[in-house]
Amino acid sequence: SNEKFRVVATGIKTFEIRIYDRWGEMLYISQDYKTHGWDGNYKAKTSQMDVYIYKVVVTAYDDKKYEYDGTVHLIR
């Protein structure tokens, strides 16, 4: 399928998302808000069904920095 995990945000000047597995290995990073989206793959291989951690850092137009984190459940 073409489904991807994306973050929705408004009023941002800079953007970064990182996705990690349960052992802390970074599987995905993007700094392009318009094109980002994790498809559940890592190094062209399908990741297993599991819970993954995302971390998002954005800078607003007033230069305030915001950090968010949470989990995403990969289901195939």
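Asp50 touches Arg22, Val72, His73 and Leu74, not counting residues up to four places away in sequence; contact here means heavy atoms within 4.5 Å. The model is predicted, so local features need pLDDT of at least 70 and side-chain atom pairs count only at pLDDT 80 or more, while totals for chains, interfaces and linings use all residues. Residues are numbered from 1 along each chain as its sequence is written, and side-chain values use heavy atoms, with hydrogens and water left out.

**Asp50 and strand β5**

- Asp50 lies in strand β5; strands (E, at least two residues) and helices (H or I, at least four) are DSSP runs, numbered from the N terminus.
- At 14% relative accessibility, Asp50 counts as buried, a word that means under 20% relative accessible area, with exposed over 50% and partly exposed in between (1.4 Å probe, protein chains only).

**Nonpolar core**

- The largest nonpolar core has 14 residues; such a core is a set of buried Ala, Val, Leu, Ile, Met, Phe, Trp, Tyr and Cys residues joined through side-chain atoms within 4.5 Å.
- Strands β1 (12-20), β2 (26-30), β5 (50-60) and β6 (65-74) each supply at least two residues of this core.
- The residues with the most contacts inside the core are Phe15, Ile17, Ile19, Trp38, Tyr52 and Val56.
- Apart from neighbours within four places in sequence, Val56 is in contact with Val7, Phe15, Glu16, Ile17, Tyr66, Glu67 and Tyr68.

**Aromatic pairs**

- The count comes to 3 aromatic pairs, where rings of Phe, Tyr and Trp (its six-membered ring) pair if their centres lie within 6.5 Å; planes under 30 degrees apart count as stacked, over 60 as edge-to-face and the rest as tilted.
- One of the pairs is Phe5 with Tyr54, which is tilted because the ring centres are 5.3 Å apart and the planes stand at 45 degrees.
- Phe5 lies in the segment before β1 and Tyr54 in strand β5, so this pair ties together parts that are 49 residues apart in sequence.
- Trp38 and Tyr52 form an edge-to-face pair, at 5.1 Å centre to centre and 65 degrees between the planes.

**Loop residues**

- Lys43 has a positive phi of about 50 degrees although it is not a glycine, and Ala44 has a positive phi near 65 degrees.
- Most residues other than glycine have a negative phi.
- Lys43 is found in the loop between β3 and β4 (45-46), and Ala44 is found in the loop between β3 and β4.
- Lys43 counts as exposed at 65% relative accessibility, and Ala44 counts as exposed at 81%.
- Lys34 sits in the loop between β2 and β3 and is exposed, with a relative accessible area of 74%.
- Lys34 and Arg6 are 28 residues apart in sequence and 9.9 Å apart in space, C-alpha to C-alpha.

**Largest pocket**

- The largest pocket has a volume of about 270 Å³, a volume being the space filled by probe spheres set on grid points that are joined across faces, edges and corners.
- On a 1 Å grid over the protein atoms alone, a pocket is an open set of points where a 1.4 Å probe fits, with protein on both sides within 12 Å along at least five of seven lines, and lining residues have an atom within 4 Å of a point.
- Of the 12 lining residues, the closest to the pocket centre are Glu3, Lys4, Asp39, Leu74 and Ile75.
- The lining divides into 5 nonpolar, 3 polar and 4 charged residues; Ala, Val, Leu, Ile, Met, Phe, Trp, Tyr, Cys and Pro count as nonpolar, Asp, Glu, Lys and Arg as charged, and the others, Gly among them, as polar.
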